[in-house]
Each structure stands twice: as structure tokens, then as C-alpha cells.
Amino acid sequence: MESLKLCYLFGILIIGSVGECKAVMGDHGSKKCNFPAIFNFGDSNSDTGGRSAAISEITLPNGETFFGRASGRACNGRLILDFISEALRLPYLHAYLDSMGTNFRHGANFATGGSSIRPGGYSPFHLEIQLAQFKRFKSQTIALHKQLKLNSTLPRPKDFSKALYTIDIGQNDLAHGFQYTNEEKVIASIPDILKVLSGAIHELYKEGARSFWIHNTGPIGCLPYSVIYYQQKPRNLDRYGCVKPHNKVAQEFNRQLKDMVIKLRTHLPHAIFTYVDVYSVKYSLVSQAKELGIKEFLISWVTVMAGFVGPMNFCCGSYYGYHVECGQKAVVNGTVYGIPCKHPSRHISWDGTHYSEAANKWVARAILNGSVSEPPVPVSEGCRQ
């Protein structure tokens, strides 16, 4: 059954690559939402500069492939969130925590690398803090609009109810649990984690949010970092090299997350909730890495030199022999650790924990047309018509 699902998803992606997701542009007859802004909440999967501004700077070679400079992203280029912005024809989101040269006219990004839904994870900017930041941002924006009447760097008050609210968070709650407890305790914590998430969404609804685009969590067991540090037990890896217990927990998290979204539709009837199955797309990418990369090279305009290399290879930093973060180098006994690879577009993993721009682009093209969403609508139509 799993192999059939992957083949079905693979077929959708190949068909979509020929037309570059025409549905994203609204070509199939439905009316586009024309979102004036995006407000994003999440972790490093969608952080466009928050952690770099507030905690520690994310340096080159991060950002060099697309931006040609350090961009605050834990990636060599664009994130899935950036491709969402492109699909909606909006500028890339600036981080709320970044005060230098920022423009929030078309939204703000409250995501911060390391953030979790509950407090006590890898970052002080957990979801409740991000929610508090959003509330202050909104109230200050409305106050300034009344005083100044016109401010080209802030959203219009009416934009808050018409914006798209994107949520991609929860992976660090699971990762932190794996690191400090065990799989059983992580599973037991999921209802409480999602209770906090549900409460935050209710608060956003009270603030006027009506269109929600919610990503489930990816196959955390397929991250090279997970494979390196958590594969100790016998028969712990699946046939694609992923840590099976970790993916099992991620799937349970996603099952309960989907149930939560269904309940939210009942409790908040004036909102539209789009649940996006990012897990299936990322797992498909990992499980068919070389084949999918070659197919894209043959039939799509996407720049991919050849098939992706093995999914457990990563481009920047080192976890083998000596631990070096991406952007750093170390010489140990004459061996230099931390030299980035020459062809990041051939890697699914950028630094062992985060996806490369090539992988993000591949995943984005799969999810933005609505083929793995519930309801199955493109991101450009994820509002009440």
C-alpha cells in the first residue's frame, strides 16, 4: 500500500512538473483569493531571519545559491515559504524580529529557528510567544495607521482578515522529546502539544484570521542528523535508510493534527483550513531520490544537474568524525571539516537537518497545486470563495 501511494504521488508530481503547476495560477476555473499578505508561524523550516537577528547569525554559505548572501535562512537558497510567496505573487516575508531594512506591507514572519509549539524546547520563541508578537504587531499597525493614515511599510488594517495564515511547526517538539525522553513519552505528549496549537489558532481566529494553510510535520526520521545519532537499535532503519520509530511518531502526530483540523472546521465555521500532507511528499522525495531527480532533469525546466545523490548525504557542515555547523570549518589532525559541497542542487539535505533549495522547490511544486491537501485546493484558492 505504501509503495502504491508513493507511485501515485510520483505520478502527480511528474504531471505537475510539465505544466509547472498550472493550478497554482488559478487556470482550472476557480477564483483566486488575491491574498494581500501572509503571516507565518513556525520554526527553521520557514524562518527567514528571526533566529539570525535575535539569537545567532546564520552566515554564508547559507543563502548563497539564490540570494548570493546570507539571508537568515538555514538553507542554501529559498524555503517552501518563499515559494508560497512566489505563487501568490507577494514579496518574500521579512522576519518580525529583524529590524534592519524590513518591510511588512505584505505580511510578517514570526517563525524562528528551533521554535516549538510548547515552551521548553530549543528556542525561547515558542508558539505562544510568536502569537503574542503577532497580536502586538497587529495592534501597533492599526494604531499607526490611525495616526499616520498611510504607511507603505505596514499592512492595511483590513489586510489582517484577508491574509493567508501559514503554520509549519511541531517538528522540534518531537525532536526535543526524542533527545531527552523516548518514543513512548513523545507519543504521550502529542495531545497536549496539539492542545496548545489549537488554542493558538483559536486566538488567531479571534484576531480576525480566516484562511489557514497548515503543514503537517515531515519524516523526521529521514533527516541525516536523525540517522547518524539515533540508529543504534537493531532493525531501526527502513529500506530507505530512515529511522522507523521517529517516522512512526511523526505519522501519529500528523494523524492527530488532521483530527484537530477537522474539529477546528466545526468550532470555527467562518474560517477555511487547508491541511497539507508535507510528510508524504518529503518521504516520496527521500524514497525515490535518484529517480525523481533524473526525471526532473529530463522533463522540467528546473535546474538539476542529474539525479539527487543519496538522501542521507548532506552538503554543508559535518557530523562525521568531527561536528562542525554549516558555515564553520575546523582542522583536526590535518583533516578539514565543514567544506560545503560543490553542487548543492544535487542534495536533498543541505546541512543534515534542513532541506536544500532544490528539495524545497521540489516539495513546494508538489504541495502548492493542492494535490496533497485537504480540501484539494491550490494555495492561491485557500480562502472562502
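Reader: With the bonded cysteines numbered in sequence order, what is the pairing?

Author: This is a predicted model, in which local features need pLDDT of at least 70 and side-chain atom pairs count only at pLDDT 80 or more, while totals for chains, interfaces and linings use all residues. Residues are numbered from 1 along each chain as its sequence is written, and side-chain values use heavy atoms, with hydrogens and water left out. A disulfide is a pair of cysteine sulfur atoms within 2.5 Å, and the whole structure has 4 disulfides. In sequence order the bonded cysteines pair as 1-8, 2-3, 4-7, 5-6.

Reader: Which cysteine sulfur is nearest to that of Cys75, which is in no disulfide?

Author: Cys75 is buried, with a relative accessible area of 0%; buried means under 20%, exposed over 50%, and partly exposed in between (1.4 Å probe, protein chains only). At 9.6 Å, the nearest cysteine sulfur is that of Cys326.

Reader: Which handedness does the disulfide of Cys33 and Cys383 have?

Author: The sulfur atoms of Cys33 and Cys383 are 2.0 Å apart, and both residues are buried. The torsion about their S-S bond is about -100°, so the disulfide is left-handed.

Reader: How many residues apart are the parts tied together by Cys315 and Cys341?

Author: The disulfide from Cys315 to Cys341 has an S to S distance of 1.9 Å. Helices (H or I, at least four residues) and strands (E, at least two) are DSSP runs, numbered from the N terminus. Cys315 lies in the loop between helix H11 (289-299) and S6, and Cys341 in the loop between strand S7 (335-337) and helix H12 (357-367), so the parts tied together are apart in sequence by 26 residues.

Reader: What is the handedness of the link between Cys316 and Cys326?

Author: Cys316 and Cys326 are joined at an S to S distance of 2.1 Å, and each of the two is buried. The torsion about the S-S bond is about 90°, so this disulfide is right-handed.

Reader: In which strand is Val331 found?

Author: Val331 is exposed, with a relative accessible area of 60%. The strand that holds Val331 covers residues 330-332 and is S6.
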